[in-house]
Amino acid sequence: MGLLERCQELFSTSSLYEVLGITKASTEAEIRRSYYKVSLKVHPDRAPDDSLATEKFQVLGKLYAVLSDKEQRAVYDEQGVVDEESDILSQDRCWEDYWRLLFPKITVQDILEFEQKYKGSEEERKDLIQLYVQHQGDMDAITSSALCCSQEDEPRLCDIIKEAIKSGEVTAFPAFTQENEKKKRARRKRADRERREAEELQKKMRLGDQDDSLVKMLKQKQASREQNFNSFLSDLEAKYSKTSGKSKKGQEGKK
C-alpha cells in the first residue's frame with residue numbers, strides 16, 4: 001500500500017497537507033512545525049504498546065520526508081502523486097531515529113541561549129506583529145502565545161506594536177489602543193499567580209539539578225495559560241532544533 005493510501009486509512013484523508021493541518025502554500029518552517037506537533041501526539045514514547053500509534057508515526061515520518069524534499073514536493077504538488085520508488089521512501093530507515101535527528105532534546109542551556117538571542121531580535125518582532133494581527137490586538141491572547149514572554153516583557157512588546165501602528169505597518173485595533181485598565185490589572189494578577197506557581201514548582205522539582213525539571217515546569221505552567229494550539233515548548237523545539245537538525249543531517253550524509 002502506498003503512502004497516500006496509508007494516509008487515507010490512518011488519517012481519513014489522502015492529502016499530505018491535510019494530515020498536517022496545513023495548505024499547499026505553507027512554508028518549510030510551517031510544515032516542519034506542523035509535523036512536529038502532529039507526530040508528537042502519536043510518538044512511540046507516549047504509547048509504546050500502541051501499534052496503531054506506531055504506524056501513524058511512521059507514516060508521518062514518510063510524509064514529512066516527501067514534503068521537506070523540494071523535488072518530491074514539486075512532483076506531489078503538480079501531479080498529486082508520490083514517487084514510492086524514490087530513495088526517500090524506499091530506503092530502510094528508522095523513523096524514530098529520523099525524528100530524533102530533526103528534533104533533538106532541548107536542554108536548559110538551549111532554552112536560555114534561545115531566549116537570549118530571540119528577545120529583541122527581528123524574528124521576535126515579526127512573530128509579535130503576526131500575533132497582533134492574528135488576535136486583532138488582544139493582548140491577553142498575544143502574551144499567552146508569544147515565545148519567551150513574561151509580565152516584564154509586556155511594556156517592551158507594546159512599544160514594538162505601537163511603533164508598527166505609527167509606521168502604518170499594521171492596523172490600530174481598538175482591542176489594543178483602547179484596552180481598559182481593568183483588563184490590564186487582571187492580566188498582571190494572572191501573571192503574578194503563574195510566577196508564584198512556577199516558583200513552587202521550581203522548589204519541588206529542585207530546578208538546576210535536572211534539565212527535565214525545567215521542561216516539566218514549563219509544560220505545567222503553559223497548561224494553565226493555553227489559549228490556542230500553540231505551546232511554548234513545541235514552538236521552541238521546532239524553531240530551535242532547525243539549525244542543529246540540519247547540521248546533524250549534513251554530518252550524517254558525509255559518513
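The structure is a predicted model, in which local features need pLDDT of at least 70, side-chain atom pairs count only at pLDDT 80 or more, and totals for chains, interfaces and linings use all residues. Residues are numbered from 1 along each chain as its sequence is written, and side-chain values use heavy atoms, with hydrogens and water left out.

Arg 185 belongs to helix α13, residues 181–205 (helices are DSSP runs of H or I with at least four residues, numbered from the N terminus). Together with Lys 182, Arg 188 and Lys 189, Arg 185 forms a positive surface patch (patch residues have over 30% relative accessible area and no salt bridge, and like charges are joined within 9 Å; a salt bridge is a side-chain nitrogen of Lys or Arg within 4 Å of a carboxyl oxygen of Asp or Glu).

## A negative patch

Glu 5, Asp 83, Glu 84 and Glu 85 form a surface patch of negative charge. Glu 84 lies in the loop between α5 (70–79) and α6 (87–90). Because its relative accessibility is 31%, Glu 84 counts as partly exposed.

## Helix α3

Helix α3 (residues 28–41) has 14 residues, which at 1.5 Å a residue should span 20 Å; its end C-alpha atoms are 20 Å apart, in agreement (the expected span is 1.5 Å times one less than the number of residues). Buried residues of α3 include Ile 31, Tyr 35 and Val 38.

## Cys 149

Cys 149 sits in the loop between α10 (139–145) and α11 (154–166). Its relative accessibility is 13%, so Cys 149 counts as buried.

Technical notes
Patches are made of residues with over 30% relative accessible area and no salt bridge: like charges are joined within 9 Å, nonpolar side chains (Val, Leu, Ile, Met, Phe, Trp, Tyr) within 5 Å. Accessible areas come from the Shrake-Rupley method with a 1.4 Å probe; for residues, only the protein chains shown count as cover. Lys and Arg count as positive and Asp and Glu as negative; His and the chain ends are not counted. The place of a charge is taken as NZ of Lys, CZ of Arg, CG of Asp or CD of Glu. Helices (H or I, at least four residues) and strands (E, at least two) are DSSP runs, numbered from the N terminus. Buried means under 20% relative accessible area, exposed over 50%, partly exposed in between (1.4 Å probe, protein chains only).
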